[in-house]
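Student: I have not worked with this structure before, and I would like to go through it with you step by step. Could we look at it together?

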Amino acid sequence: MLYFLCGFVLGGLLLSTLGWKHQAIFGVLQPVYWHLLVVGWLMQCIFGVAYWMFPPFSKDQPQRSEPLGWFTYGALNLGLLLRAVVEPWHSLSPQAGVGWLLVLSAVLQVAAVWIFVINTWGRIRGRRR
Amino acid sequence: MPTLSRCFLRVGLLCLAIGMVPGGLILVQKGTGWFPVFWVLLPAHTYLVLIGGLSQCTLGVCYWIFPRFDGGASRGNTTLAWCSYITLNAALGLVVLHPLLQELYGDVAAEVTFVSAGILQGCAALTFVWHIWPRIRPSATVARRPG
């Protein structure tokens with residue numbers, strides 16, 4: 001929900017400054033806006049509800065692997081926050097070392113989703129008889 | 001969890017996992033400046049994540065969770081929901097195959113592919129809404145509470 005708030009506020013700012021879109025800063029904030037909403041808010045809400053509500057994996061491990069669940073949470077948010085800070089900064093003022101933080105952001109976000117899929121797959125099942 | 005929900009969710013999670021890869025590659029390109037060709041993957045990334053992934057996960061959970069009829073025995077017209085699943089994934093398949101079809105058969109084939117995908121995607125949305133609309137109602141337990 002924090003991403004929802006920040007994403008909508010940022011979107012509102014971008015909308016209200018639409019007349020100034022020739023300013024470079026507003027262009028570089030567009031990808032951040034979209035990813036805060038889609039990845040930070042929508043995807044994370046879906047992950048949270050799935051983690052909570054999907055059928056238990058087993059009696060001993062209802063969420064299958066809690067450490068993997070926490071890894072998903074940490075990696076997704078760290079990757080997204082890195083992106084939110086570094087992407088506009090690197091676009092406006094490219095520097096060699098800073099660009100590699102975007103690579104790290106990419107790895108973290110992709111790993112988070114893959115781990116979530118692996119951890120959740122076994123919980124997509126019918127009722128056990 | 002009903003079979004159709006499992007289908008929606010499994011395909012949805014696969015699309016999410018696959019769709020994140022081109023997105024990651026584009027972000028790597030932004031950070032390093034290497035391989036500008038990765039930008040051709042942007043439509044695939046957007047479509048796989050939004051339409052293939054997030055939408056299908058949402059539809060799968062909606063089909064599973066929304067109030068049912070006949071004391072929980074029925075989910076209404078399930079044929080509509082299956083049509084939605086089939087047409088949505090057919091559209092997804094066409095969009096994914098679009099670059100190959102364009103390479104093999106030219107621009108006209110590519111245009112037909114996109115038009116077909118658009119129609120199928122619209123049908124998917126229509127049929128799912130048609131299925132789920134009557135299920136947007138108070139659940140039976142709420143309705144039985146004394147007023």
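Student: Does B:Ala124 count as buried or exposed, and at what relative accessibility?

Tutor: Please keep in mind throughout that this is a predicted model. The residue you ask about, B:Ala124, is placed in helix α4 of chain B, which spans residues 107-132. Buried means under 20% relative accessible area. Because B:Ala124 falls below that cut-off, it counts as buried, at a relative accessibility of 4%.

Student: How much area do chain A and chain B bury between them?

Tutor: The contact draws 32 residues from chain A and 26 residues from chain B. Of the area that is buried, 82% is on carbon and sulfur atoms, and the amount that the two chains bury between them is about 2,400 Å².

Student: Which residues of chain A lose the most area to chain B?

Tutor: The two chains bury about 2,400 Å² between them. On the side of chain A, three residues together account for 22% of what that side buries, and these residues, which lose the most area to chain B, are A:Ile46, A:Trp121 and A:Ile124.

Student: Which side chains meet in a salt bridge?

Tutor: Across the interface of chain A and chain B, the rule finds one salt bridge, and four residue pairs in polar contact are also found there. The salt bridge has an N to O distance of 2.1 Å, and the side chains that meet in it are those of A:Glu87 and B:Lys30.

Student: Which helix gives the largest share of the side of chain A that touches chain B?

Tutor: At least two residues of that side are supplied by each of α2 (24-53), α3 (66-92) and α4 of chain A. The largest share amounts to 14 residues, and the helix it comes from is α4(A).

Student: Which residue of chain B does A:Thr120 touch?

Tutor: A:Thr120 belongs to helix α4 of chain A, residues 96-121, and at 5% relative accessibility it counts as buried. Not counting residues up to four places away in sequence, A:Thr120 touches A:Phe54 in its own chain, and in chain B it touches B:Leu13.

Student: What is the area of the nonpolar surface patch that includes B:Trp34 and B:Phe35?

Tutor: B:Trp34 is found in the loop between α1 (3-32) and α2 (42-65) of chain B, and at 46% relative accessibility it counts as partly exposed. B:Phe35 is found in the loop between α1 and α2 of chain B and counts as exposed, at 52% relative accessibility. Together with A:Trp100, B:Val37 and B:Val40, these residues make a nonpolar surface patch of about 590 Å².

Student: What is the phi of B:Asp70?

Tutor: B:Asp70 is placed in the loop between α2 and α3 (78-105) of chain B, where it counts as exposed at 64% relative accessibility. B:Phe35, which is not a glycine, has a positive phi of about 50 degrees. For B:Asp70, also a residue other than glycine, phi is positive, near 55 degrees.

Note on methods. Residues numbered from 1 in each chain as written. Chains lettered and ligands numbered in written order. Predicted model: local features only at pLDDT ≥ 70, side-chain atom pairs only at ≥ 80, totals over all residues. Heavy atoms only, no water. Patch = residues over 30% accessible without salt bridge, like charges linked within 9 Å, V, L, I, M, F, W, Y side chains within 5 Å. Areas by Shrake-Rupley, 256 points an atom, 1.4 Å probe, with all protein chains shown as cover. Salt bridge = Lys/Arg side-chain N within 4 Å of Asp/Glu carboxyl O. Helix = DSSP H or I, 4+ residues; strand = E, 2+ residues; numbered from the N terminus. Buried < 20%, exposed > 50% of the residue type's maximum accessible area, 1.4 Å probe, protein only. Contact = heavy atoms within 4.5 Å. Buried area = accessible area lost by both parts, 1.4 Å probe. Polar contact = N/O pair within 3.5 Å; in protein donor to acceptor, adjacent residues only side chain to side chain.
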